[in-house]
Amino acid sequence: MKEINFISSDIKSFTLEELTEEVVSLGEKPYRAKQLYQWMHQKLARSYDEMTNLPKAFRETLREHYEYTSLLPVERRVSKIDGTEKYLFGLNDGNVIESVLMRYRFGNSVCISSQVGCRMGCRFCASTIGGLTRNLSPSEMLDQVYSIQRMTGERVSHLVVMGTGEPLDNYDSLLRFLRLLSDENGLNISQRNITVSTCGLVENIRKLAEEKLQITLALSLHASSQEKRKELMPVAYRYELADVLDACRYYFEQTGRRMTFEYSLVGGVNDSQEDAERLAGLLKGMNCHINLIPVNPIRERDFVQSDRQVIEAFKNKLEKYGINVTIRREMGRDIAGACGQLRKGYLSRTKDPAQETSDGSA
Ligand code: SAH
């Protein structure tokens, strides 16, 4: 797997302190670092050329020393139903990623990808089908938010890391991204408005807890027992459900942030009344919230959505046990189908047909 060494050359991934050191080592005054940082993270400049209050010679030096990441918009789809927008962006190395903008009454929320592809293998998820290509750098995660804010001219106030990839499988870059995004000299998005979703990498949940950020952690649970979870999520072979839930309790203890559990309802697989009861038992006594997601069927798998009444009954059962539940509203239904579907569709449209695998999967 190719790692991007963002420390040495990727200028948009530096913290202000690091940038100040760099700028000073280039023989410039420290205040130039703050100007440069604000151009990158507040004014969302697309290149050094836009940084008009920096001396031309200094901009030239920067160009020689550092890479300036930017995303190339490849496709933009706007939902006629709810104004949700899906974006396909090209990275400097030619890979493509997808990001989503959702408009809510409380503000605009962006959903970003954290990796190109994913190696977690969840059975119902389109993003993992081609495996993992590489991690995204902090700047490539930031650029998704920056590009969307620039293209729409509307402020992004909320962020969810729920696009392609397992964020805790790209831990260091994720952390750096979260710090830069919530930095007061950058877009200053409140940590309380940021949610990171994980399939449950236990060590890294614990590590994240100790960072004591004020972000919300969402755990993809999707099953009410270890056995059932293994059927849907291969990561369950690595971690016992009890250990995953312990790590979630630890996250709450350390941060005071209420956990969110995501539960994608798959027709006939994990949506019975017994499942709801077992789930309530698992989460008993925890300060948490459950997000029920009607599974978004993908072409490559034969999973189906649960009937509306089954979803309602599942929710009612949990509520009877005093659990906080919401059914996630589907957004942008008309523009791209399930998570990872836009990118996947793009890849199979643009791929050399001679390289297509025999089963037709990309
Ligand atoms: N790797 C992270 C982020 C993944 S996407 C994680 O596992 O949490 C965010 C959520 O969407 C996860 O809960 C994921 O399991 C779920 N998801 C993925 N594909 C889905 C689909 N086709 N239908 C419903 N939920 C899906």
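## Packing around helix H3

The buried residues of H3 (residues 31-41) pack against helix H2 (16-25), helix H4 (56-65), helix H5 (138-152) and H6. Packing here rests on contact, meaning heavy atoms within 4.5 Å. Helices (H or I, at least four residues) and strands (E, at least two) are DSSP runs, numbered from the N terminus. Helix H3 is mostly covered, with eight of its eleven residues buried. Those residues are Arg32, Ala33, Gln35, Leu36, Tyr37, Trp39, Met40 and His41. Buried means under 20% relative accessible area, exposed means over 50%, and partly exposed lies in between (1.4 Å probe, protein chains only).

A word on what you are looking at: this is a predicted model, in which local features need pLDDT of at least 70 and side-chain atom pairs count only at pLDDT 80 or more, while totals for chains, interfaces and linings use all residues. Residues are numbered from 1 along each chain as its sequence is written, and side-chain values use heavy atoms, with hydrogens and water left out.

## The chain as a whole

Stepping back, the secondary structure of the chain comes to 13 helices and twelve strands. Along its principal axes, the C-alpha trace spans about 70 × 50 × 40 Å. A compact globule of 362 residues would have a radius of gyration near 21 Å, and the chain agrees with this, having 21 Å. That radius is taken over C-alpha atoms, and the globule rule is 2.2 Å times the number of residues to the power 0.38.

Of the 362 residues in the chain, 55% are buried. Among contacts between residues at least 6 apart in sequence, 67% join residues at least 24 apart. The accessible surface comes to about 16000 Å², and 47% of that belongs to carbon and sulfur atoms. Accessible areas come from the Shrake-Rupley method with a 1.4 Å probe; for residues, only the protein chains shown count as cover.

Now follow the parallel strands. Strand S4 (residues 107-111) pairs with S7 in the parallel sense over four bridges, and Asn108 has Val156 as its bridge partner in S7. Two strands pair if DSSP finds at least two bridges between them. Strand S7 (residues 156-161) in turn runs parallel to S8, joined by three bridges. Val160 has Thr195 as its bridge partner in S8, and Val161 stands opposite Val196 in S8. From S7 the chain crosses through helix H6 (residues 171-181) to S8, in a right-handed β-α-β crossover. Right-handed means that, with the strands pointing away from the viewer, the path from the first strand over the helix to the second runs clockwise.

S8 also pairs with strand S9 (residues 216-220), in the parallel sense over four bridges. Here Thr195 has Thr216 as its bridge partner in S9. The chain reaches S9 from S8 through helix H7 (residues 202-211), and this β-α-β crossover is right-handed.

## How covered are these strands?

Six of the six residues of S7 are buried. Strand S8 (residues 194-198) is largely enclosed by the rest of the structure, because five of its five residues are buried. In a regular strand the side chains alternate between the two faces of the sheet. In S8, Ile194, Val196 and Thr198 point one way, whereas Thr195 and Ser197 point the other way, and all are buried.

## Cysteines

Cys199 is buried at 5% relative accessibility, and Cys111 is buried at 10%.

## Residues to look at individually

Most residues other than glycine have a negative phi. Leu44, in the loop between H3 and H4, has a positive phi near 55° and is buried, with a relative accessible area of 3%. Asn188 also has a positive phi, of about 55°. Asn188 sits in the loop between H6 and S8 and is partly exposed, with a relative accessible area of 41%.

Finally, Lys317 belongs to helix H11 (residues 308-320) and counts as buried at 14% relative accessibility. Not counting residues up to four places away in sequence, Lys317 touches Gln273, Ala276 and Glu277.
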